Amino acid sequence: MEQIDEAKIRKSIIEFSSMPYERKLPERALYPFSQLNYLTGGMELGEISIVAGETGSGKTTFISQVVDNIIKEDRVFCVYGESTLKKQQQNTYRQMAGYGKEKYQYVTYQKNGKDTNVGAYFVSEEIEQKIKEKTKGKLFYYDTRLGMTINTILKVIDYCHTNGNINYFVLDNLMQIETTTTDEIKEQKDCFEKLRRYVTEHDIHICVLAHYRKTSDVGVIRRRLEEIAGTSAIGNKGATAINIIRLDNVDKSSKAYKSLKAIVRLNNYELDQADAVIEVLKTRFNKLGFVCLKYDRISNSYYECDKINEDKPEPEKSVVYETTKQSCFYDMVPIEESSLSEDEKKNLEEIFG
């Protein structure tokens with residue numbers, strides 16, 4: 001047994017009644033989407049949040065908007081391992097510029113002195129200066145050439161927190177952390193445990209982006225928390241976890257889509273009007289549910305869809321459904337049927353058969 005000084009042991013034992021009781025909410029950053037804040041309670045200090053999704057689902061697009069929201073009141077440090085700093089900078093400028101074609105200029109790619117049919121939108125010089133003023137001293141990127149081992153990343157995070165008073169961090173994504181042993185699963189578990197321990201000990205928040213494991217099933221739309229690539233500890237140790245589902249490459253005639261559409265409608269959104277949907281897979285003690293989003297191509301940004309009935313009160317219980325694997329799709333099984341109206345039950349019976 002490890003030898004520990006008795007004085008340290010006594011100091012580690014805290015009498016409950018001696019602890020001060022505070023009637024205030026812990027500090028947190030909020031998402032740029034109102035319903036997502038309602039469901040999750042935002043990004044609380046001392047916790048890890050997980051943003052999961054398939055490759056190309058829009059995770060980085062989503063988190064860049066989250067960063068834009070954080071720097072309105074706080075500072076944030078981002079580790080982008082999947083894309084170059086230049087590419088991420090371009091995306092961030094577009095997203096921070098927001099909606100409005102007058103803020104952008106379209107640049108056509110030229111080859112051999114001739115215009116091609118390839119091009120992209122860039123923010124105007126005026127908008128560029130405004131964004132530089134807005135982000136100065138608030139937004140910081142990590143130069144990954146220093147290294148992507150977990151120990152190196154934690155040392156940089158500690159330096160930023162201790163010397164730069166930065167409390168919010170983004171890690172995009174977990175799979176980019178370099179492994180140094182042949183047991184990759186165990187090392188990923190150890191990496192996440194090191195992150196979790198630092199987060200709780202130093203009262204910061206880290207938002208971790210993660211992929212799902214590859215599946216051979218055709219037509220899968222919703223995914224389970226335990227299907228996040230790597231060890232199951234990733235999903236278990238995050239305080240909140242959300243799944244981003246991109247809808248433009250989904251078969252709208254499939255049973256999986258129709259099932260999702262019915263469930264989303266019970267959450268007061270119309271899925272056919274959305275370009276993406278966020279499913280809240282896990283929260284501290286808040287609610288599970290869905291948030292529908294529209295996508296603007298010019299600004300490369302998401303916007304929250306209008307609800308079907310803005311005056312409809314939020315249900316007391318989460319209207320969510322478990323996913324059970326059946327052949328080549330995930331069907332949806334109700335958890336709280338008693339909370340549904342007769343019309344809603346009939347709607348589900350028509351879909352599920």
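User: Is Cys207 buried or exposed?
Analyst: In this predicted model, the relative accessibility of Cys207 is 2%. Residues under 20% are classed in one group and those over 50% in another. Because its value is 2%, Cys207 counts as buried.

User: How many disulfides does the count give?
Analyst: With the cut-off of 2.5 Å between sulfur atoms, the count comes to 0 disulfides. Cys78 is accordingly in no disulfide, and its nearest cysteine sulfur is that of Cys207. Cys78 has 0% relative accessibility, so this residue counts as buried. The number of disulfides is 0.

User: Which residues touch the most other members of the largest nonpolar core?
Analyst: The largest nonpolar core holds 55 residues. One of its members, Leu36, is in contact with Tyr31, Gly41, Phe62, Ile242, Ile278, Val280 and Val291, leaving aside neighbours within four places in sequence. Another core, of 33 residues, lies apart and includes Cys160 and Tyr198. In the largest core, the residues that touch the most other members are Leu36, Phe62, Val76 and Val277.

User: Which residue follows helix 7?
Analyst: Helix 7 covers residues 184–202 and reaches 27 Å from its first C-alpha to its last, close to the 27 Å expected. Among its buried residues are Cys191, Phe192, Leu195 and Tyr198. After the helix comes a residue whose phi is positive, near 55 degrees, and this residue is Asp203.

Note on methods. Residues numbered from 1 in each chain as written. Predicted model: local features only at pLDDT ≥ 70, side-chain atom pairs only at ≥ 80, totals over all residues. Heavy atoms only, no water. Helix = DSSP H or I, 4+ residues; strand = E, 2+ residues; numbered from the N terminus. Expected span 1.5 Å × (residues − 1). Buried < 20%, exposed > 50% of the residue type's maximum accessible area, 1.4 Å probe, protein only. Core = buried A, V, L, I, M, F, W, Y, C linked by side-chain atoms within 4.5 Å. Contact = heavy atoms within 4.5 Å.
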